[in-house]
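Student: I have a model open and want to go through it with you. Can we start with the pocket and then move to the strands?
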Amino acid sequence: MLVAFRTILRRTGSLRSQEGFTLIELLVASALALVVFTAMLSALETSQRTQSRDQEWALVIQEGRAGLAQMAREMRQAYSIRGDSHSAIDFYATIGGKSYEISYNCAEKEGEFNSCVRRAAEFIGGRS
């Protein structure tokens, strides 16, 4: 019985020696965590905004490449130039066995850049 009593006293003594966090320590830690999380969320929001802008720019570049590739293909198929200027060209081309009258006008402003407008119509007259 004496042994059991001593064991209980030892356990009770060890429980009293354990310390926890004070309310002030918990408040300071919570405030620091809040500051860190706010900074992380701010950085995440900025990176998401940048990512969407970069994706739009990549799409614009890809569409521009596709348009220039189409323009180059059609110009290679040209058999007669109807007219040209510093920002426009009109020509006749055979594409897929059909003759087309194709016009590119690159003088039109779209925002801060010029955009090329393509007009094409099947040309009934054939090669000249």
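Student: How do the residues of the lining of the largest pocket divide into nonpolar, polar and charged?
Tutor: This is a predicted model. In it, the lining of the largest pocket has 8 nonpolar, 5 polar and 4 charged residues.

Student: What volume of space lies in that largest pocket?
Tutor: The largest pocket holds about 570 Å³. Its lining is made of 17 residues, and Glu63, Gly64, Asn114, Ser115 and Cys116 are the closest to the centre.

Student: Which element gives the most to the lining?
Tutor: Helix α2 does, with 10 residues. The elements that each supply at least two lining residues are α2 (23-76), β3 (98-110) and β4 (113-122).

Student: Now methionine 75. Where is it found?
Tutor: Methionine 75 belongs to helix α2.

Student: What does methionine 75 touch, leaving out residues up to four places away in sequence?
Tutor: Methionine 75 touches Ile89 and Phe91. Isoleucine 89 is 14 residues from methionine 75 in sequence, and their C-alpha atoms are 9.7 Å apart.

Student: Okay, strands. How many bridges join β1 to β2?
Tutor: There are 5 bridges between β1 (residues 78-84) and β2 (residues 88-95), and the two strands run antiparallel. They form a hairpin with 3 residues between them. Isoleucine 89 turns up here too, as the β2 bridge partner of aspartate 84.

Student: And how many bridges do β2 and β3 pair over?
Tutor: β2 and β3 pair over 8 bridges, also in the antiparallel sense. One of the facing pairs is tyrosine 92 with glutamate 101 in β3.

Student: What is in the turn of the β2 and β3 hairpin?
Tutor: That hairpin has 2 residues between its strands, and glycine 96 in the turn has a positive phi of about 65 degrees.

Student: Last topic. Which residues are in the largest nonpolar core?
Tutor: The core has 6 residues: Met71, Ile89, Phe91, Ala93, Ile102 and Tyr104. β2 and β3 are the elements that give two or more residues to this core, and β2 gives the most, with 3 residues. In soluble globular proteins, nonpolar side chains tend to be buried together.

Student: What does methionine 71 touch, not counting residues up to four places away?
Tutor: Methionine 71 touches Tyr104, Cys106 and Cys116. Tyr104 is also in the core, and Cys116 is one of the residues closest to the centre of the largest pocket.

Technical notes:
Residues numbered from 1 in each chain as written. Predicted model: local features only at pLDDT ≥ 70, side-chain atom pairs only at ≥ 80, totals over all residues. Heavy atoms only, no water. 1 Å grid on protein atoms, 1.4 Å probe; cavity = no way out; pocket = protein on both sides within 12 Å on 5 of 7 lines; lining within 4 Å. Points joined across faces, edges and corners; volume = space filled by probe spheres on them. Helix = DSSP H or I, 4+ residues; strand = E, 2+ residues; numbered from the N terminus. Nonpolar A, V, L, I, M, F, W, Y, C, P; charged D, E, K, R; others polar. Contact = heavy atoms within 4.5 Å. Pairing = 2+ DSSP bridges. Core = buried A, V, L, I, M, F, W, Y, C linked by side-chain atoms within 4.5 Å. Buried < 20%, exposed > 50% of the residue type's maximum accessible area, 1.4 Å probe, protein only.
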